[in-house]
Amino acid sequence: MSNKILVISASLNPASRSRMMASEVFQQLPDNADKEFLDLRDYDLPICDAGACYSHPLVAKVQAKVKEADCILVAFPVYNYSCSAALKNLIELTGKAWEGKIVGFVCAAGGHSSYMSVMGIANSLMLDFRCLVIPRFVYSEGSSFSAEGLSSEKVKERLKELGETGLQMMKALLPTAVV
Ligand SMILES: Cc1cc2nc3c(=O)[nH]c(=O)nc-3n(C[C@H](O)[C@H](O)[C@H](O)COP(=O)(O)O)c2cc1C
């Protein structure tokens, strides 16, 4: 086991707020952590068709990144009280690579009321792939951001805590963890 943490940004919006949160959580992880940032904007992935898509070279690339990680922190936009189609598509494309991962969630929404939107994807990862879902997630809406970016100290603190919890869970669960 490598004790690797993968931070995924699953918004395709160039001005994404969840990407700002993903960057923050990534930066807050210790410099010596084995960490990697995967931005779905950098991967023109096919839509899952349960067939030919699995032979696409980019699918193999993202699948390898998911597989290599022990802990995955996923940042996504809330769309229609759920995660972005880009995230759902990634999970459909990479499927079993998620098996047994420690997974945490970060989400950006337009309003306060969609905070349960994380549950669909959390349940699916937990039940389909036996992921261990970190029992804290970071949810924020527009008031946490200024023109310069993520401005809320409270959200920054919560992102730091999420990363720390991911590290602690790796340490507790992986016999070889040195984090
Ligand atoms: C298609 C679409 C659906 C949305 N659905 C919701 C929703 O159900 N609940 C909500 O609070 N915000 C919703 N929003 C607002 C987004 O969650 C918000 O703009 C957020 O910042 C998007 O994340 P991003 O900036 O990382 O792309 C929606 C936005 C779009 C474009």
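This is a predicted model: local features need pLDDT of at least 70, side-chain atom pairs count only at pLDDT 80 or more; totals for chains, interfaces and linings use all residues.
User: How many helices and strands does the protein chain have, and in what order do they run?

Analyst: The protein chain has five helices and nine strands. From the N terminus on, the order is β-α-β-α-β-β-α-β-α-β-β-β-β-α.

User: Why is F26 called buried?

Analyst: The cut-off for a buried residue is 20 or more other C-beta atoms within 10 Å. F26 has 20 C-beta neighbours inside 10 Å and therefore counts as buried. F26 belongs to helix α1 and touches V7, K35 and F37, leaving aside residues up to four places away in sequence. F26 and K160 are 134 residues apart in sequence, yet their C-alpha atoms are 8.9 Å apart in space.

User: Why is E68 called partly exposed?

Analyst: A residue is exposed with 12 or fewer neighbours and buried with 20 or more, and partly exposed in between. E68 has 13 C-beta neighbours inside 10 Å, so E68 counts as partly exposed. E68 is placed in helix α2. The C-alpha atoms of E68 and K4 are separated by 7.1 Å, although these residues are 64 residues apart along the chain.

User: What makes A50 and R130 exposed, and what is the phi of each?

Analyst: The cut-off for an exposed residue is 12 or fewer neighbours. A50 has 8 C-beta neighbours inside 10 Å and therefore counts as exposed; R130 has 11 and therefore counts as exposed. A50 has a positive phi of about 60 degrees although it is not a glycine, and R130, also a residue other than glycine, has a positive phi near 50 degrees. A50 is found in the loop between β2 and α2, while R130 lies in the loop between α4 and β6.

User: How do you know on which side of α3 its buried residues lie?

Analyst: The buried residues of helix α3 are A86, L87, L90, I91, L93 and T94. They cover an arc of only 165 degrees around the axis, which puts them on the same side of α3. These buried residues pack against α2, β3, β4 and α4. Just after α3, G95 takes a positive phi of about 30 degrees.

User: Which residues of the largest nonpolar core touch the most other members?

Analyst: Of the 50 residues in that core, A10, V25, V74 and V106 touch the most other members. The largest share of this core, seven residues, comes from β3. The residues that A10 touches, not counting those up to four places away in sequence, include L40, V74, F76, L87 and L90.

User: What surrounds the ligand?

Analyst: The ligand is surrounded by 16 residues, and the closest are S16, S18, P77, A109 and G110. By class, the shell has six nonpolar, eight polar and two charged residues. Elements α1 and β3 each supply at least two residues of this shell.

Note on methods: Residues are numbered from 1 along each chain as its sequence is written. A residue is near a molecule or strand if its C-beta atom, placed from the backbone, lies within 6 Å of it. Helices (H or I, at least four residues) and strands (E, at least two) are DSSP runs, numbered from the N terminus. Ala, Val, Leu, Ile, Met, Phe, Trp, Tyr, Cys and Pro count as nonpolar, Asp, Glu, Lys and Arg as charged, and the others, Gly among them, as polar. The arc is that of the directions from the helix axis to the C-beta atoms. Two residues are in contact if their C-beta atoms, placed from the backbone, lie within 7 Å. A nonpolar core is a set of buried Ala, Val, Leu, Ile, Met, Phe, Trp, Tyr and Cys residues joined through C-beta atoms within 7 Å.
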